[in-house]
Amino acid sequence: MSGGFKSYVNMNEVEKAEPEVQKKDVKKIASEVFGGPLEPKLLPGELVIAEGHNVLKFDSTDDFNHGISGALFCTNFKISFVTANRSSYDLGELRQRNQLLSEHDIALTCVEAVYQVWNGKKKRLPAGSNIQGRVGILEIHCKDFRILPFSFKFTPKEAERNVVNAILHHAFPTSLDLLFAFEYNPGKNLRIGIADTPEFRAVKDWERELSRVNPSGWRVSFANTNFKMSDTLPEQFIVPSSLSDHDLNNSSPHFVDGRVPLWSWSHQNGSALVRMVELRTDTTQTQYLERHCLPSTQVVPLGVLDSMLRAIESTHPERTKASIIDLGRLCPSPKYIQQAYYKLRDLCMPAGAEDFWAADQKWYSLLDGTKWLQCVSACLSVSSAVAERIAGSRQTVVLREYDGRDLSCVVASLVQVILDCHTRTLVGFQALVQREWVVSGHRFTDRLHHVHTMDRESKESPVFLLFLDCVWQLLQQFPSCFEFTETYLTTLWDSARVPLFATFLFNSERDRYVACMDAKRDKNDNTSPTLMPVWDWSLQFSDQDRLLFNNPLYGGKLAEYFPEHPSNGPTVVPPNPTNTLGSFKSRNKWKSKKKKQASASAQVSFVAPSTPSFNGPLFPINIGAGLKLWTQCYMRWIPWAHTVGGGPPSEYFHQCLLVDELHILNMKIHSLEMSKPDQHNTSQESGMFFTFESPRGFDANDSLTSAFPYSPIGSMDRKSIVGTPLFSFLRRMSVSSYNGAAANGDD
């Protein structure tokens, strides 16, 4: 019920009018409603490509009957709808406010598809095509599951054509250099505040990580300086100390993409986590030597794999044999993940109320049919089993994947989240993503489809989203062990599709370097483009909105008020009996055959995970009722699925108030002990978005919805979901106030 969606124009009334009256009313509406010049807020380097005025933005959940008036702009960064109507920001609505993208803006790289709706029929418009006639209604489908319809009924034909064609061309760039990141020009006075998040592009960052973990037998290698050994590895990485850079250069031609085994993390017991790719075939090895102008005499004996494994095993205090985990057999493939994602997207993007309620009748079976949660389960299961081998069996584990750039990123990161409490802090998690994903060569360009190509289906896959979903599952099961919230994870996923941040734009560090050099030559002024990292959150959000990232339940925070709290002491968490390694294909096949039995078994055997210390290991429940759907990320734009005054946001609200009250009491006690006047508290001091002394003067039961901090859009005049399968599904994640609303018949 966003304040921006008031019924300024009722299309039904205009259509029903007599021809003479209709023409007169249209002119009257156009003169009264579309008033005054409207301009978008532009960033440095952002240019308006096309604009159309007298445009209506509809509410897709209301059958295109009601809309707000404004102007639609296409820039080299976004699609921006600017309206004279008061923004919901001004109405005091609780929501996250992005300083780069306004309430009605869409980043170009967030556009999934563009459709023309004419006489009730929908037609997909090809990328890069030119439209000559009238469009009628333009429906934009976004990668964050939004559907945004625009009507050009009152817009001049030429302006309509220019805007639509500009969107079709600029929302689907054919090369990276067309993205806005290379046009952004913030000026020399911009301060990039990422000092706490290492980028691992300097040797000091790697040395600091080694010092933090303190493993024995490992060192920083410079064998890939100037990317002379591998195009997809970072210039520095960590390898066994027994291997010289000369050994690495001789061995690299035998591995896919020249990616020699590299260190990810070490446990305090001496066991290590290592990532490794497959060995090359004779043909690919010859091609690699020719491409890098290397003589065939550099081919090393076939025992290269054995020598690498011996070097890895030599770093273990007991010289135990390393365990090789084949991720290609145990985890879903990127193609399988993409297919599951397509089905999940279709389920969470209903075309209207009719489609939503039809899906609601068989919600559980449709959700199970997407296979998305099976992908989550497989990754959590493998990661938990690997973590148990490292921490429990004191065994070094080598993760093997064909090219080591997809599922090895997921599993290596999850293992560290399970075992290393530092990765559950905000800075530690960002450093983990930067190290295991960004500089290690995950193909963000291909997997997130930043560049429009003909072979999209063979490359696109939301592997990074799958990882974030797995972390979200851990956050739900162990809420006191993470410094950040689910809003942070959702925001991180949204930011991955903003074409301003270089963090998630490239397939490798070398691609990033080459793109910068090419842009520098194109500018012909000897200056490289200013590529912004996503970790400087001040570019997107105010100090107040960034407080939404802080978890009130985090044990490290509560330990300040309860030094003797048991969550601050060591805890041994036994490995979950479901954390077993097995073929993903065989598990999936078994589940499809034994669906009813598996469902019943999951319900019976489900046991809530034990509560570890915030700095202890986490072994999650990864089957059955232990897994949930990340509704904040996938269903935030579906108003029928929202509850007013209920859901996790209501819990978050009261948790913030409680922690802030503890902070105030702690400050008062400190003031009395120091014989100083009482100090005034602010939300910045306690780190909470909601404060105890000034909870913004509203009733959480009336103001908060389960979509917080993403406000529902469209009319809330809808039938109740109480008693439906979807209601039962969402109820498992709700709070007591939600149950009260259900009892009163509220939706």
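Student: What volume does the second largest cavity have?
Tutor: About 120 Å³. Keep in mind that this is a predicted model.
Student: And which residues lie nearest its centre?
Tutor: Ser60, Phe145, Ile147, Pro350 and Trp637, out of 16 residues that line the second largest cavity.
Student: How does that lining split by class?
Tutor: The second largest cavity has 12 nonpolar, three polar and one charged residues in its lining.
Student: OK, how many cavities of 30 Å³ or more are there?
Tutor: The count is seven. The largest cavity comes to about 510 Å³.
Student: Which residues are closest to the centre of the largest cavity?
Tutor: Ser102, Asp105, Asp144, Arg146 and Trp637, from a lining of 33 residues. So Trp637 turns up in both lists, being among those nearest the centre of the second largest cavity and among the closest for the largest cavity.
Student: Which elements give two or more residues to the lining of the largest cavity?
Tutor: Those are β2 (48-58), β5 (105-107), β9 (147-151) and α18 (486-495).
Student: And the classes there?
Tutor: For the largest cavity, the lining divides into 15 nonpolar, eight polar and 10 charged residues.
Student: Switching to helix α7, which residues are buried?
Tutor: In α7, residues 304-313, the buried ones are Val304, Met308, Leu309, Ala311, Ile312 and Glu313.
Student: What covers the buried residues of α7?
Tutor: The cover includes strands β10 (218-221), β11 (237-240), β13 (272-277), β14 (323-326) and β15 (397-401), along with helix α5 (245-251).

Technical notes: Residues are numbered from 1 along each chain as its sequence is written. This is a predicted model: local features need pLDDT of at least 70, side-chain atom pairs count only at pLDDT 80 or more; totals for chains, interfaces and linings use all residues. Side-chain values use heavy atoms; hydrogens and water are left out. Buried means under 20% relative accessible area, exposed over 50%, partly exposed in between (1.4 Å probe, protein chains only). Helices (H or I, at least four residues) and strands (E, at least two) are DSSP runs, numbered from the N terminus. Contact means heavy atoms within 4.5 Å. On a 1 Å grid over the protein atoms alone, a cavity is a set of points where a 1.4 Å probe fits but cannot get out, and a pocket is an open set with protein on both sides within 12 Å along at least five of seven lines; lining residues have an atom within 4 Å of a point. Grid points are joined across faces, edges and corners, and a volume is the space filled by probe spheres set on the points. Ala, Val, Leu, Ile, Met, Phe, Trp, Tyr, Cys and Pro count as nonpolar, Asp, Glu, Lys and Arg as charged, and the others, Gly among them, as polar.
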